[in-house]
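Here is a friendly briefing to read alongside the model. Please keep the sequence and the 3D view open as you go through the points.

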Amino acid sequence: MGQYLILIYTDEPSWAAIGEAEAGAVMAAHGRFGEQHGAVLRGGGWLHPTATATTVRRPDGPARDDLTAGEDALVTDGPYVETKEALGGYYVIEVPDLDTALAVARDVPEPFGGVEVRPLRPTST
């Protein structure tokens with residue numbers, strides 16, 4: 001079994017423009033998604049809008065032996081990049097293969113964007 005990350009991308013202005021009833025219907029659809037795929041779900045969550053993001057970057061320059069950002073990191077308000085669709089949430093699933101992960105991803109309710117499926121690399125302990 002492998003773990004996959006389903007990244008949910010959305011058009012934030014479209015979300016901001018819908019009413020409470022439509023937003024509630026989408027959230028209910030995610031609840032049904034969770035019930036349908038609960039056996040393979042290992043986690044997930046929603047992100048606040050990109051306006052709440054803070055970006056931390058290492059200073060430009062030659063490669064450093066110290067790969068931590070440290071105190072000389074540049075901290076800025078806002079997301080890393082501007083895009084039409086922003087990362088709005090994610091699910092972590094554990095399934096036998098990519099085909100199964102894609103079958104699960106097809107069921108993710110996202111009316112204003114799409115989803116991306118990526119395998120997670122195992123971490124060493």
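**Briefing on the predicted model**

L87 is found in strand β5, which spans residues 86-95; helices (H or I, at least four residues) and strands (E, at least two) are DSSP runs numbered from the N terminus. This is a predicted model, in which local features need pLDDT of at least 70 and side-chain atom pairs count only at pLDDT 80 or more, while totals for chains, interfaces and linings use all residues. Residues are numbered from 1 along each chain as its sequence is written, and side-chain values use heavy atoms, with hydrogens and water left out.

**Overall build**

- The chain holds three helices and six strands, and its pattern along the sequence reads β-α-α-β-β-β-β-α-β.
- Of its 125 residues, 26% count as buried; buried means under 20% relative accessible area, exposed means over 50%, and partly exposed lies in between (1.4 Å probe, protein chains only).
- Among contacts (heavy atoms within 4.5 Å) between residues at least 6 apart in sequence, 78% join residues at least 24 apart.
- The chain's accessible surface comes to about 8,600 Å², with 54% of it belonging to carbon and sulfur atoms; these areas come from the Shrake-Rupley method with a 1.4 Å probe, and for residues only the protein chains shown count as cover.

**Strand pairing around β1**

- Two strands pair if DSSP finds at least two bridges between them.
- Strand β1 (residues 2-10) pairs with β5 in the antiparallel sense over nine bridges, and here Q3 stands opposite E94 in β5.
- β1 also pairs in the antiparallel sense with strand β6 (residues 113-119), over seven bridges; in this pairing Y4 stands opposite P119 in β6.

- L47, L87 and Y90 make a nonpolar surface patch of about 230 Å².
- Patches are made of residues with over 30% relative accessible area and no salt bridge, joining like charges within 9 Å and nonpolar side chains (Val, Leu, Ile, Met, Phe, Trp, Tyr) within 5 Å; a salt bridge is a side-chain nitrogen of Lys or Arg within 4 Å of a carboxyl oxygen of Asp or Glu.
- L87 is partly exposed, with a relative accessible area of 32%.

**D11 in its loop**

- D11 sits in the loop between β1 and α1 (12-17) and is buried, at a relative accessible area of 11%.
- Not counting residues up to four places away in sequence, D11 touches K84, E85 and F112.
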